[in-house]
Structures are given as C-alpha cells and as structure tokens.
Amino acid sequence: GEIEVAIIARLDKLESDLKKAKRQTEETGKSMDSSLKKVQNRFGSLSKRGVASLGALAAGFIGLRKVMTDLVTNSAQADAAFVTLKASVSQAGLEVEGTTSRIMEMTKALDRQSIASQTQLVNASSYLINMGAQEDQIEDTLKAVLNLSAGLNMEFSTALRNVGRTFGGFQ
C-alpha cells in the first residue's frame, strides 16, 4: 500500500513539473518571438541579405524553442518510464533497486544497438514483467521484439504485444 501511494505522488509531481517546465519553455519561446519581432521592426529597411540573416536567426530561435520543448517532454517520459518500471518490479515481488538498475543498464545498451529508444525499451520491460516475464528473460525477449519489429516491418509496440502475449497466456 505504501509503495503505491509513493508512486502516485511521484507521478503527480512529475506531471506538475512537466507542466511547469512546458509553461516555462513556452514563455521563453514567446519572449524570443517578441524579441525577434522587435528586431525585425527596427531594421525593416535592411537589404535582402540582412533580411535573409534575420530569417535564419528567426529559424534558429524557432528551432531552439522546439528542441527545448522536446527535451523537457522526453525527460518527463523517461522519468515516468523509470517510475513505472520500479512499480512493476516491486509488484512482481522482485528486489527493486538491483533489478531496476540492471534493467536500466541493459536497456541503455540495447538503445545503442537498435532504433528503439531507451524509454521505449524501459516501458517494454515493465510490460513484459507485468505479463509474467522474469528478469533473466527480459533482454532476450526485447531482442526478439526488436528482431520481429525489424524483420516484419511492424511497429515496436505491435511486436511487443505479440511477444508479450506468450508470457501472459494470450490475454
């Protein structure tokens, strides 16, 4: 009971932190947009070359804004995946810290070898544990999912569901 309350509290905090970071990123982007418009208004009579430079600067600001938003979102998704993994490991009755640490290292290594992100692999590990896979089966199972996905040109999540069903009795 206590673990579930702690996990819910962490997810609530994660959600509020994500919203706060997103809001700050949007405010920064608006400020950058406003600054750029001021510069464009002051230098409205620039040559074509100057206008092109301002256009490149504007594109850079817009790109930076998107990168900042993506970083915040990706970080929040990775944090949520880690919390979910810990909950799945705990619920399966496995030793939480060591098992979670080993799975994180394994998914990090697989991330370097595949097109799936570490966040996808961590979420997949949680799913497989919830379907009844043991820790020593996770790596080989994830490799099978990656091979199935690549070999049949199917989405990672579809391949995961198909392989995961073998642990859960085809539910």
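1. The loop between H5 and H6 holds asparagine 153, where helices (H or I, at least four residues) and strands (E, at least two) are DSSP runs numbered from the N terminus. Asparagine 153 has a positive phi of about 50° although it is not a glycine. At 73% relative accessibility this residue counts as exposed, on a scale where buried means under 20% relative accessible area, exposed over 50%, and partly exposed in between (1.4 Å probe, protein chains only).

2. On provenance, the model is a predicted one, in which local features need pLDDT of at least 70 and side-chain atom pairs count only at pLDDT 80 or more, while totals for chains, interfaces and linings use all residues. Residues are numbered from 1 along each chain as its sequence is written, and side-chain values use heavy atoms, with hydrogens and water left out.

3. For the chain as a whole, there are six helices and zero strands, which read along the sequence as α-α-α-α-α-α. Buried residues make up 27% of the 171 residues. The chain exposes about 11000 Å², of which carbon and sulfur atoms supply 54%; these areas come from the Shrake-Rupley method with a 1.4 Å probe, and for residues only the protein chains shown count as cover. Among contacts (heavy atoms within 4.5 Å) between residues at least 6 apart in sequence, 57% join residues at least 24 apart.

4. Helix H4 (residues 118–130) has 13 residues and reaches 18 Å from its first C-alpha to its last, close to the 18 Å expected at 1.5 Å a residue, the expected span being 1.5 Å times one less than the number of residues. Its buried residues are Leu121, Val122, Ala124, Ser125, Ser126, Leu128 and Ile129. Just after H4, glycine 132 takes a positive phi of about 110°.

5. Which residues of the largest nonpolar core touch the most other members? Of its 21 residues, they are Leu121, Ile138, Leu142 and Phe156, a nonpolar core being a set of buried Ala, Val, Leu, Ile, Met, Phe, Trp, Tyr and Cys residues joined through side-chain atoms within 4.5 Å. H2 (48–91), H3, H4, H5 (135–151) and H6 (156–168) each supply at least two residues of this core, and the largest share, five residues, comes from H4. Leaving aside neighbours within four places in sequence, isoleucine 138 is in contact with Met106, Ser125, Leu128, Ile129 and Ala133.

6. A search of the whole structure finds three salt bridges, each a side-chain nitrogen of Lys or Arg within 4 Å of a carboxyl oxygen of Asp or Glu. Lysine 86 and glutamate 97 meet at 3.1 Å, N to O; lysine 86 lies in H2 and glutamate 97 in H3, so the pair ties together parts eleven residues apart in sequence. Lysine 86 is buried, with a relative accessible area of 15%.

7. Glutamate 135 forms a salt bridge with arginine 102, the closest N and O atoms being 2.6 Å apart; glutamate 135 lies in H5 and arginine 102 in H3, so this pair ties together parts 33 residues apart in sequence. Glutamate 139 and lysine 143 also meet in a salt bridge (3.5 Å, N to O), and, being four residues apart in H5, they are separated by about one helical turn.
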